[in-house]
Amino acid sequence: MSQCARVNGSCKRCEGELPFKFTMAFQPIVDLSLAQIVAYEALVRGVQGESAWSVISQVTDDLLYRFDQACRVKAIEMASALGMQTDLSINFLPNAVYEPEACIQATLDVSRRVGWPASRLIFEITETERVRDRQHLCNIIDAYRSMGFKTALDDFGNGYANLDLLTDLTPDKLKIDRELVMNCDSDLRRQAILNAIILLAHELNTTLIAEGVETRAEVLWLARAGIVRQQGFYFARPAVNSLGDDIDLLLAELKTEAQAGLGAVNERS
């Protein structure tokens, strides 16, 4: 793209109707140390609950900017309508943001309209798109932080979201990919890698979130290791047009069990 379609502070390339419809599903991100949901991730779905791919496959290059903006707007509108009280995490495509201050205007407009604070928005850098210009991505993160948003690097440890990105990027959160989380309770190599990531996150002052958590054993090992923020099917599957079922009792049980296990480990040490 040779230049941004910026007119009076907004990006005209981001505006206009899409030739297809879509909706959002919401999946909780929990904090075991608090025994509560701290955020929901908004995930694209077809209007009848079809997969994300059924929607994304219709996004041509000339619709990329418009689709990225439409997802942000719909996620915020739906989160507000559903009465969400936590942070809202939204995926974004770095290559669909030419000039951050211009391309974010529709997001700011809908946030003001529904009364959604910028401090409760997290933008996830997805691993599905290769970063063509790393400095451009740095500029986006810096611009978003100046506006009060938080950022997360999605699928860390897999695909394009690799360690070398942290030499330049300063995301607020790292979302650890399912590939590293899977069987972490019994796989010593995964445990070693995760323990190293925990130390790295501490040094970089970055919050860790484990993605794709599917078993109770994974939940408890991660929490006792220090990764208390988690997301995955074990807690809840994405709920289309809904925040899903109440999981407060489950979280309270897991918090108690994780703390009891941690105490036993400390006694043996």
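**Figure 1. N241 is partly exposed, at a relative accessible area of 38%.** Buried stands for a relative accessible area under 20%, exposed for over 50%, and partly exposed for values in between, using a 1.4 Å probe and protein chains only. The model is predicted: local features need pLDDT of at least 70, side-chain atom pairs count only at pLDDT 80 or more, and totals for chains, interfaces and linings use all residues. Residues are numbered from 1 along each chain as its sequence is written, and side-chain values use heavy atoms, with hydrogens and water left out. N241 is not a glycine, yet its phi is positive, about 55°. The residue belongs to the loop between β11 (239-240) and α9 (248-268). Helices (H or I, at least four residues) and strands (E, at least two) are DSSP runs, numbered from the N terminus.

**Figure 2. N183, a residue other than glycine, has a positive phi near 60°.** N183 is found in the loop between α6 (178-181) and α7 (188-204). With a relative accessible area of 39%, N183 is partly exposed.

**Figure 3. The whole structure contains eight aromatic pairs.** One of them joins F20 and F67, which are tilted at 50° between the planes and 6.1 Å centre to centre. F20 lies in the loop between β2 (10-11) and β3 (23-31) and F67 in helix α2 (residues 64-81), so this pair ties together parts 47 residues apart in sequence. Both F20 and F67 are buried. Rings of Phe, Tyr and Trp (its six-membered ring) pair if their centres lie within 6.5 Å; planes under 30 degrees apart count as stacked, over 60 as edge-to-face, and the rest as tilted.

**Figure 4. F92 and F123 form an edge-to-face aromatic pair, with 90° between the planes and 6.2 Å centre to centre.** F92 is in strand β5 (residues 87-92) and F123 in strand β6 (residues 121-125); the pair links distant parts of the chain, 31 residues apart. F92 is buried at 0% relative accessibility, and F123 is buried with a relative accessible area of 0%. F92 and F123 form one aromatic cluster with Y144 and F149.

**Figure 5. The charged ends of R72 and R120 sit over aromatic rings.** A charge sits over a ring if NZ of Lys or CZ of Arg is within 6 Å of the ring centre and within 35 degrees of the ring normal. For R72 the ring is that of F123, with the charged end 4.8 Å from its centre. For R120 the ring is that of W116, with the charged end 4.0 Å from its centre.

**Figure 6. Helix α2 has 18 residues and spans 26 Å from its first C-alpha to its last.** That span is close to the expected 26 Å at 1.5 Å a residue; the expected span of a helix is 1.5 Å times one less than its number of residues. Buried residues of α2 include L64, Y65, F67, D68, Q69, C71, R72 and V73. C71 is at 7% relative accessibility. After α2 comes G83, with a positive phi near 75°.

**Figure 7. T86 lies in the loop between α2 and β5.** T86 is buried, at 14% relative accessibility. Leaving out residues up to four places away in sequence, T86 touches I37, V38, A39, Y40, W116 and R120; contact means heavy atoms within 4.5 Å.
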